[in-house]
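Please have the model open while you go through these points.

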Amino acid sequence: MSAEDLEKYETEMELKLYREYRDVVGLFKYVIETERRFYLTNDYELNVHSAQGEVFFEVTMADAWVWDMYRPARFVRQVRVLTFKDVNVEELTKSDLELPS
């Protein structure tokens with residue numbers, strides 16, 4: 001496989017992923033962003049933990065969709081994320097769901 005073929009494949013996968021996101025985003029209330037993944041969910045719990053002077057975050061989500069073009073199935077029943085990096089939580093509004101023309 002050439003570098004050009006690989007780039008074309010990744011571009012097609014990203015477009016497919018974006019189209020799937022566009023189709024499902026209206027089903028969810030929250031966007032959760034970590035340093036590694038981007039999630040859509042309707043229910044989450046965020047806990048901040050401190051151990052030995054280090055702070056880390058624990059995020060649990062139920063019935064989520066994950067932005068990851070390498071996963072064969074992007075809908076997941078339960079997700080638990082532990083991270084030392086920031087976690088961004090945004091509540092979606094209807095205006096956020098409108099796509100630019």
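1. Asp68 is buried, at 11% relative accessible area. Buried means under 20% relative accessible area, exposed means over 50%, and partly exposed lies in between (1.4 Å probe, protein chains only). The salt-bridge partner of Asp68 is Arg37, with the closest N and O atoms 3.1 Å apart. A salt bridge here is a side-chain nitrogen of Lys or Arg within 4 Å of a carboxyl oxygen of Asp or Glu. Arg37 sits in the loop between β1 and β2, and Asp68 in the loop between β4 and β5, so the pair ties together parts 31 residues apart in sequence. Arg37 counts as partly exposed, with 26% relative accessibility.

2. A word on the basis. This is a predicted model: local features need pLDDT of at least 70, side-chain atom pairs count only at pLDDT 80 or more, and totals for chains, interfaces and linings use all residues. Residues are numbered from 1 along each chain as its sequence is written, and side-chain values use heavy atoms, with hydrogens and water left out. Helices (H or I, at least four residues) and strands (E, at least two) are DSSP runs, numbered from the N terminus.

3. How many salt bridges does a search of the whole structure find? The search finds five. One of them joins Glu20 to Arg74, where the closest N and O atoms are 2.7 Å apart. This pair links distant parts of the chain: Glu20 is in helix α1 (residues 3-24), Arg74 is in the loop between β4 (54-66) and β5 (75-83), and they are 54 residues apart. Arg74 counts as buried at 9% relative accessibility. Glu20, at 22%, counts as partly exposed.

4. Arg80 and Glu58 also form a salt bridge, with 2.8 Å between the closest N and O atoms. Arg80 belongs to strand β5 and Glu58 to strand β4, and 22 residues separate them. Arg80 or Glu58: what is the relative accessibility of each? Arg80 is exposed at 57% relative accessible area. Glu58 is buried at 14%.

5. Now helix α1. At 1.5 Å a residue, its 22 residues should span 32 Å, and the end C-alpha atoms are 32 Å apart, which agrees. The expected span is 1.5 Å times one less than the number of residues. Met13, Leu17, Tyr21 and Val24 are buried in α1. They cover an arc of only 80° around the axis, which puts them on the same side of α1. That arc is taken from the directions from the helix axis to the C-beta atoms. The face turned away from the buried side of α1 carries the exposed residues Glu4, Glu7, Lys8 and Asp23.

6. Check the nonpolar patch as well. Met1, Leu6 and Tyr9 form it on the surface, with about 360 Å² of accessible area together. Patches are made of residues with over 30% relative accessible area and no salt bridge; like charges are joined within 9 Å, and nonpolar side chains (Val, Leu, Ile, Met, Phe, Trp, Tyr) within 5 Å. Accessible areas come from the Shrake-Rupley method with a 1.4 Å probe, and for residues only the protein chains shown count as cover. Leu6 lies in helix α1. Leu6 is partly exposed, at 39% relative accessible area.

7. Next, the strand pairing. Strands β1 (residues 30-33) and β2 (residues 38-41) pair in the antiparallel sense over four bridges. Two strands pair if DSSP finds at least two bridges between them. A hairpin of four residues joins β1 to β2. Glu33 has Phe38 as its bridge partner in β2, and Val31 has Leu40. Strand β1 also pairs with strand β6 (residues 88-91), antiparallel, over four bridges. There, Val31 stands opposite Glu90.

8. Strand β2 has a further antiparallel pairing, with β4, over two bridges. Tyr39 has Val66 as its bridge partner in β4. Thr60 is partly exposed, with a relative accessible area of 28%. Thr60 and Asn47 lie 13 residues apart in sequence and 8.7 Å apart in space, C-alpha to C-alpha.
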